Structure formats: structure tokens, C-alpha cells
Amino acid sequence: MTGRLILRLTAAVLGVVVVGAGLADAHTKASGGTGPRDKLRLIAPADPGGGWDTVAREIQSSVDAHGLSRTTEVLNVPGAGGTIGLSRLANQSGSGNKLMMSGAVMTGAIQTTDSRTTLDDVTPIARLADDYEVVVVPKDSPFRTVEDLMSAWRRAPRSVALGGGSAGGTDHLFAGMLSRAAGVPTSELNYIAYSGGGEVVTGLLDGGLDVGVSSYAEFAGQIAAGELRALGVSAEEPLDGVDVPTFVEQGVDATLANWRGVVAPPGLSVEQRAELEEIVTRVHDTEQWRGAVERNGWEDTFQTGAEFRSFLESETARIKRISEELGLS
């Protein structure tokens, strides 16, 4: 009896192992390979140190802290305002373990570069937060106010070297909005496009640039250290925790929000998309992410599903209109 019992128990255990292996294999096939709970790849379509890279690493921190994936990896794919990364993502149909950072910069770059690949070619996952533009100058700059800058533009716009992100992105758009407010055509601006915010900071500190424009998070450290001075922020109302006046407060009618979000490859199943949305939703609900929003001067504007897809449609139309008005597309 004892021998038979042992044989039965052994068979039962082996059966459980076989069934478990079958379920694991079925899950792997359903997810198209390694799923996001096993390895999550976060793609920042810009150089390290910039806004998209910051968002990717803040997501990675929250995912790692709460065990939302066994391993995470941040991949930098810079170039053309994020459209190179977008094109590569669009060619990875069905890959359910990738999230790429996106935002208004990419929307603008799609317009100005006539990119064949658009946000219609990927899977929207979530809008995370809104960021705002900050215009800064070196600490010893003669530009003490935004009016000083505008006056210099009116006298000789080409004499002011202004650096920011990719051509057609939000940095370029906002610089154009300011120049228009000063009565200077955007085409007259001496705008130098960089692939990452870190390069803009370097240009400001080594004397190669007179003015820089980017998101607040990219300049926050240098502003706090007194190496850069902020002339204004592009929000409609003062931002909590950000001691920089808005341009509206200074009598300049120029506002622009840069949304931060994530998209995934096309061709995902309903289950794959839902799993990525769940991971991002859980990231949004963590203490780490709330701290990131506050630390970087972002505004929480979280959206998923149909709400986010609807936002993308209206945002694409908005950026296209602004680009055309400024003569950038």
C-alpha cells in the first residue's frame, strides 16, 4: 500500500509540474515572448539627461521599487525629435513588453520633419503628466527680464544664440511664440537645436548659448545652484513648488504645455494593452511617482484608454495649428 501511495503521489506531482509548464508556455505565446512582468523595456527617444530620459528613469524607479517587473531596462534612441524612436517602435508589431516615452515634442517633430510614421501607427497607453517650458540665461547674463530678451531680439534677433530641443518640438514652438509676442518673425531666430537637454545646459554654462529653453526639470538643478537664472515659465498659472514667474504674470501672452506619456508598439492584443495600462496605472499610484511629479515641477494629468486616444487627436491638431501659424511646418 505504501509503495502504491508513493507512486500515486509522484504521478500527481509530475502532473502538476506538466500542467504548470503548459500554462507558462501558453502565457509566453500569448504575450508574444517575454512579457512586461518579466522584462520591461522603457525607450527614451532622446539622449540621456533629457526630459524623456528623466520620465523613463522615474518610471523605472517606481516599477523596480514595487516589483511590477522582474527587470527593467532604459534604452536611448535619439534623433529627429523622437521620430527615429517612433519609427523603430512602429516596426515592432505585437511586442508587448515595450513602452516608449512620447509627448508634445514628438507631435511637433512629426509635423516639421514630415515623418511618415505618426502616433496613429503605435498603441497609445497613457498620458502621465504635463511639463512646462522654462526660459533661462547664465547667471551673469545681461538679460534680467523677459523684456530685456525681447528688446535684444527686436534690435538684432540673429545676435542672440538660443538653444533648445529638436526643431519643431515644444522648445522651438515656445521660442517662436515668444518671438511673435516680441514682433519678430520665427524665421529670424538664431535657434540651435539639440537632441537632449543636457547639451543645452552645457552650451549655457560654457558660453556657447545666450538663452536656453526646455522643461523645468532639465534646468532645475542649475537654477537651484545659482548657475542659471529663469526668466519665466510657460504655464498659465503659477506652479506649486516652482519659484519662477509665468510669462502671463509678466504681461506676455505665451503659454504652452508639454505633455508626457507612453505609447507601445502596434498590433497588441487586448490583453497585452491592458497589462501595460495596468503597470502604468500602478506606477502612477506609487509614492515614488508622486514624488517625481513634485520634484520635476510636473502637473498630474493621468489618462488611459479612450480618454487618452481622444486627447492625442486634439493635441495633434493643436500642435499642427501652432506650427503652421509660426511657419515651422
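Is alanine 80 buried, partly exposed or exposed, and at what relative accessibility? Alanine 80 counts as partly exposed, at 38% relative accessibility. Here buried means under 20% relative accessible area, exposed over 50%, and partly exposed in between (1.4 Å probe, protein chains only).

This is a predicted model, in which local features need pLDDT of at least 70 and side-chain atom pairs count only at pLDDT 80 or more, while totals for chains, interfaces and linings use all residues. Residues are numbered from 1 along each chain as its sequence is written, and side-chain values use heavy atoms, with hydrogens and water left out.

**View 1. Positive phi values in two loops.** Alanine 80 sits in the loop between strand 2 (71-76) and helix 3 (83-90); helices (H or I, at least four residues) and strands (E, at least two) are DSSP runs, numbered from the N terminus. Its phi is near 55 degrees, a positive value in a residue other than glycine. Aspartate 114, in the loop between helix 4 and strand 4 (123-138), also has a phi near 55 degrees. Aspartate 114 is exposed, at 64% relative accessibility.

View 2. Threonine 107 belongs to helix 4 (residues 104-112) and is buried, with a relative accessible area of 2%. A polar atom of its side chain lies 3.1 Å from the backbone oxygen of glycine 103.

**View 3. The salt bridge of glutamate 58 and arginine 295.** The structure holds 12 salt bridges, each a side-chain nitrogen of Lys or Arg within 4 Å of a carboxyl oxygen of Asp or Glu. In one of them, the side chains of glutamate 58 and arginine 295 meet at 2.7 Å, N to O. This pair links distant parts of the chain, with glutamate 58 in helix 2 (residues 51-65) and arginine 295 in helix 10 (residues 287-295), 237 residues apart. Glutamate 58 is buried, at 12% relative accessibility.

**View 4. The salt bridge of aspartate 130 and arginine 127.** The closest N and O atoms of this pair are 2.9 Å apart. Both partners are buried: aspartate 130 at 7% relative accessibility and arginine 127 at 11%.

**View 5. The salt bridge of glutamate 325 and arginine 180.** Here the closest N and O atoms are 3.5 Å apart. Glutamate 325 lies in helix 11 (residues 305-325) and arginine 180 in helix 6 (residues 170-181), so the pair ties together parts that are 145 residues apart in sequence. Glutamate 325 is partly exposed at 47% relative accessibility, as is arginine 180 at 44%.

How values were computed: A polar contact is a pair of N or O atoms within 3.5 Å; within protein, one must be able to donate a hydrogen and the other to accept it, and residues adjacent in sequence count only if both atoms are side-chain atoms.
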